[in-house]
Amino acid sequence: MDIFSAFKKVVFQNYCNFNGRAKRAEYWWYALAAAIISFALSGLQAWGYMQGDTGTIIFTSALYYFVLLALVLPGLGVTWRRLHDIGKGGQWYWIFLIPIIGAIWLLVLLCMPSEPQDNRFGPYE
């Protein structure tokens, strides 16, 4: 799986899908694509602010927030499915709310290898 196929699968085929499993590659390629898009859009927004024109500021800010908002649901869905892939329920996502240790724990869970057999969330592909 490459970055384009992962992004296409997460955003266009599984936009708000919280069922099933997502492999490590699918999750991390999507995360990288979303980070690149966010970085590029923040640069565009900063450029809009440097222009000083109110119309440019409004347009670049609206574009920035609209795209980031559009990436939130697929990101949540792929994270949920990634947790399913390691045999955990999706509600483990909320562990990041525990200060400091929660985000580290979630990161460790997201880096774990897939369960190599079928589990209650779906077949191993």
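1. Gly 52 follows helix H2 and has a positive phi, near 80°. Helices here are DSSP runs (H or I, at least four residues), numbered from the N terminus.

2. This is a predicted model: local features need pLDDT of at least 70, side-chain atom pairs count only at pLDDT 80 or more, and totals for chains, interfaces and linings use all residues. Residues are numbered from 1 along each chain as its sequence is written, and side-chain values use heavy atoms, with hydrogens and water left out.

3. Mean pLDDT (the predictor's confidence in each residue, from 0 to 100) is 91 for the protein chain, and 100% of its residues reach 70 or more. Confidence is lowest in H1, at a mean of 90, and highest in H4, at 95.

4. There are five salt bridges in the structure (a side-chain nitrogen of Lys or Arg within 4 Å of a carboxyl oxygen of Asp or Glu). Glu 26 takes part in a bridge with Lys 9, at 3.5 Å, N to O. Glu 26 lies in H2 and Lys 9 in H1, so the pair ties together parts 17 residues apart in sequence.

5. Glu 26 also meets Arg 81, at 3.0 Å, N to O. That pair links H3, which holds Arg 81, to H2, 55 residues apart. Buried means under 20% relative accessible area, exposed over 50%, partly exposed in between (1.4 Å probe, protein chains only). Glu 26 is buried at 2%, and Arg 81 is buried at 1%. Lys 9 is partly exposed at 24%.

6. Asp 85 pairs with Lys 23, at 3.9 Å, N to O. Asp 85 is in H3 and Lys 23 in the loop between H1 and H2, 62 residues apart.

How values were computed
Helix = DSSP H or I, 4+ residues; strand = E, 2+ residues; numbered from the N terminus.
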